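Please look over the sequence and the structure shown here before reading on.

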Amino acid sequence: MNRPMAKRTKMEWAEMQTRQQRAVERAAEVLEALKFASAPIDPLAIIASEKPLLCATGGNFRNRFDGQLEYHRSKNRFLLFFNTKYDRAPNGEHQPRTRFSIAHELGHYFLDAHQAYLRRTGKSHPSRGEFLSDRNIETEADAFAAGLLMPASLLGPRVNDGEMCFADIQAWAGDFKTSVTSTARRAVELSDFPCALIGVREGRVAFSFQSQAMIEGGCYPRLRGSALPPGAQAKWQAFTSGCLLEKEGQSLARAWCQTYDNDRADGAPVSEHYFGVPPTQTLLVLLTIPEEALFPDDDDDSDDED
Ligand SMILES: [Zn+2]
């Protein structure tokens with residue numbers, strides 16, 4: 001029974017989870033108020049609904065930022081800038097990354113503490129990237145963005161319809177106009193089954209997210225910076241040399257996770273699904289564990305007795 005985290009760290013983690021959950025709930029409220037109930041969600045339509053307090057401008061801001069929100073006191077106006085440098089579609093449609101950036105900035109606008117900060121200081125820090133930031137405020141805005149673009153009410157039922165693989169995730173990403181990476185993360189979050197998403201960069205774990213059922217089953221994916229199991233190391237080599245052909249693998253939970261409080265967890269079989277994202281030099285690994293491998297069957301014969 002190895003506790004994966006020190007008590008204090010665990011409390012901070014729980015606090016952060018709560019704050020992220022609140023950010024997701026706030027996003028759901030915004031959608032509900034606007035009666036947005038189908039994918040894809042258009043973040044620019046949300047901005048339009050906040051006129052004249054909020055105005056947006058897109059432009060090629062090169063490497064300065066992905067998005068930025070400013071408050072101009074003299075006009076009592078929020079200005080949202082988003083970088084269109086990733087947009088290449090001839091019809092002017094925004095790329096998933098651009099849409100995520102806009103939704104992230106909307107998090108700074110719609111989350112009360114963020115907006116209060118902006119009103120005090122005039123400027124939000126420039127936001128960049130999808131979710132590698134450690135700063136709590138950025139993590140919250142990212143959670144808001146994921147909740148806004150991939151609401152639980154729309155994506156949740158599809159995620160829990162059956163066993164998930166990257167073909168499903170790609171299809172959802174197409175419908176919600178979100179990146180495969182952010183869709184995979186959100187899908188894991190919304191899954192009722194034991195699963196996790198690991199992001200591999202430079203041959204090591206760069207980020208990991210797990211479903212609630214994974215935690216309840218006693219499996220915590222290893223932390224950022226951890227080495228990969230040998231099978232996954234081989235997949236990473238294949239990915240970096242551009243020949244990741246075999247995209248499925250098998251291992252045991254102990255290869256990927258610290259396990260505790262569950263005797264079954266250590267040796268539970270894990271299905272590995274691999275998906276390479278060359279632009280960000282990231283190899284995504286979706287781990288799924290059969291429910292019955294972590295949780296005992298309900299030997300509940302009360303139905304017969306009643
Ligand atoms: Zn930000």
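A residue is called buried when its relative accessible area is under 20%, exposed when it is over 50%, and partly exposed in between, using a 1.4 Å probe and protein chains only. By that rule histidine 114 counts as buried, because its relative accessibility is 4%. This is a predicted model, in which local features need pLDDT of at least 70 and side-chain atom pairs count only at pLDDT 80 or more, while totals for chains, interfaces and linings use all residues. Residues are numbered from 1 along each chain as its sequence is written, and side-chain values use heavy atoms, with hydrogens and water left out.

**Histidine 114 and its surroundings**

- Histidine 114 is placed in helix α4, residues 112-121, where helices (H or I, at least four residues) and strands (E, at least two) are DSSP runs numbered from the N terminus.
- Apart from neighbours within four places in sequence, histidine 114 is in contact with Gly107, His108, Ile137, Glu140 and Ala141, contact meaning heavy atoms within 4.5 Å.

**Domains**

- The chain is assigned domain 1 (7-149) and domain 2 (164-294), with bounds that come from an automatic or database domain assignment.
- The centres of domain 1 and domain 2, taken over C-alpha atoms, are separated by 27 Å, and the contact takes 17 residues from domain 1 and 17 residues from domain 2.

**Helix packing**

- Two packed helices are described by the angle between their axes and the distance between the axes.
- Helix α3 (residues 96-110) packs with helix α5 (residues 136-149) at an angle of about 115°, their axes lying 7 Å apart; axes are lines fitted to C-alpha atoms, for helices over the stretch in contact, and angles run from 0 to 180 degrees between N-to-C directions.
- The crossing of α3 and α5 is right-handed, which is the term used if the near helix is turned clockwise from the far one by less than a right angle, left-handed being the term if anticlockwise.
- The residues in the contact of α3 with α5 divide into 11 nonpolar, 3 polar and 3 charged, where Ala, Val, Leu, Ile, Met, Phe, Trp, Tyr, Cys and Pro count as nonpolar, Asp, Glu, Lys and Arg as charged, and the others, Gly among them, as polar.
- The axes of helix α6 (residues 152-159) and α7 come within 11 Å and cross at roughly 160°, which means that α6 is roughly antiparallel to α7, a label given to angles over 145 degrees.
- The crossing of α6 and α7 is right-handed, and in this contact Leu154, Leu155, Arg158 and Val159 of α6 meet Trp172, Asp175 and Phe176 of α7.
- In α6, Leu154, Leu155, Gly156 and Val159 are buried, and the buried residues of α6 pack against α7 and α8.

**Backbone geometry in loops**

- The peptide bond from alanine 39 to proline 40 is cis, with omega near -5°, and proline 40 is placed in the loop between α1 (7-34) and α2 (43-49).
- A cis peptide bond also joins lysine 51 and proline 52, with omega about 0°, and proline 52 is found in the loop between α2 and β1 (54-59).
- Arginine 62, although not a glycine, has a positive phi of about 50°; arginine 62 lies in the loop between β1 and β2 (67-72) and counts as exposed at 62% relative accessibility.
- Lysine 177, which is not a glycine, has a positive phi of about 55°; lysine 177 lies in the loop between α7 (166-176) and α8 (180-190) and counts as partly exposed at 28% relative accessibility.

Definitions and conventions. Parallel < 35°, antiparallel > 145°, perpendicular 65-115°, else oblique.
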